[in-house]
Amino acid sequence: MEIKELAENVGLNVEEFSEILEIYIETTKPHLEELQAALQVGDAQKAHEKAHSIKGASGNLGLNELYDLAREIDDSICENSIDGLEDSVQVLCEKYDTLVEEFENIG
């Protein structure tokens, strides 16, 4: 992950972007956990809300891989299909974990 490039893409300096990314990391973890839980109990509305939130936040920061995965999950839920999304959500969680690890290794 190139923080400088991501920051420039959204019109922020590196320090500002890092602060926002830290907030993103803190708020996205519970959304991912709630998305997984919603899928386990078959709550499509809650799953949609969480996937949509992750999609929006990821897109706003230019985190395209996370955005694309969250969009695919959200689109599937909106088409009334939450079946079989566990693997996609697992991949989303793994990409998120990679982002967290990369961010922690920057400093």
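In this predicted model, helix α2 passes helix α5 in a left-handed crossing. The two helices span residues 14-41 and residues 86-106 respectively, and their axes come within 11 Å and cross at roughly 155°. Because angles over 145 degrees count as roughly antiparallel, α2 is described as roughly antiparallel to α5. On the side of α2, the contact is made by Ser-18, Leu-21, Glu-22, Tyr-24, Ile-25, Thr-28, Lys-29, Leu-32, Leu-35, Gln-36 and Leu-39, while α5 contributes Glu-86, Val-89, Gln-90, Leu-92, Cys-93, Tyr-96, Asp-97, Leu-99, Val-100 and Phe-103. Sorted by class, the residues of this contact between α2 and α5 comprise 13 nonpolar, four polar and four charged.

One of the α2 residues in that contact is Leu-35, which has a relative accessible area of 0% and is therefore buried, the limit for this class being under 20%. When neighbours within four places in sequence are left aside, Leu-35 is in contact with Ala-47, Lys-50, Ala-51, Ile-54, Val-89 and Leu-92. Of these partners, Val-89 and Leu-92 belong to the α5 side of the contact described above, whereas Ala-47, Ala-51 and Ile-54 are among the residues of α3 that meet α4. Leu-35 also lies 8.3 Å from Glu-49, C-alpha to C-alpha, although 14 residues separate the two in sequence.

A second pair of helices is formed by α3, which covers residues 44-60, and α4, which covers residues 64-78. The axes of α3 and α4 come within 8 Å and cross at roughly 155°, so that α3 is roughly antiparallel to α4. As with the pair described first, the crossing of α3 over α4 is left-handed. Here Ala-44, Ala-47, His-48, Ala-51, His-52, Ile-54, Lys-55, Ser-58 and Gly-59 of α3 face Leu-66, Tyr-67, Ala-70, Arg-71, Ile-73, Asp-74, Ile-77 and Cys-78 of α4. The contact between α3 and α4 includes 10 nonpolar, four polar and three charged residues.

Among the charged residues of this second contact is Asp-74, which is found in helix α4. Asp-74 counts as buried because its relative accessibility is 2%, which is under the 20% limit. With Lys-55, the link joins the two side chains, which make a polar contact at 3.2 Å.

Key. Residues are numbered from 1 along each chain as its sequence is written. This is a predicted model: local features need pLDDT of at least 70, side-chain atom pairs count only at pLDDT 80 or more; totals for chains, interfaces and linings use all residues. Side-chain values use heavy atoms; hydrogens and water are left out. Axes are lines fitted to C-alpha atoms, for helices over the stretch in contact, and angles run from 0 to 180 degrees between N-to-C directions. Helices (H or I, at least four residues) and strands (E, at least two) are DSSP runs, numbered from the N terminus. Angles under 35 degrees count as roughly parallel, over 145 as roughly antiparallel, 65 to 115 as roughly perpendicular and the rest as oblique. A crossing is left-handed if the near helix is turned anticlockwise from the far one by less than a right angle, and right-handed if clockwise. Contact means heavy atoms within 4.5 Å. Buried means under 20% relative accessible area, exposed over 50%, partly exposed in between (1.4 Å probe, protein chains only). A polar contact is a pair of N or O atoms within 3.5 Å; within protein, one must be able to donate a hydrogen and the other to accept it, and residues adjacent in sequence count only if both atoms are side-chain atoms.
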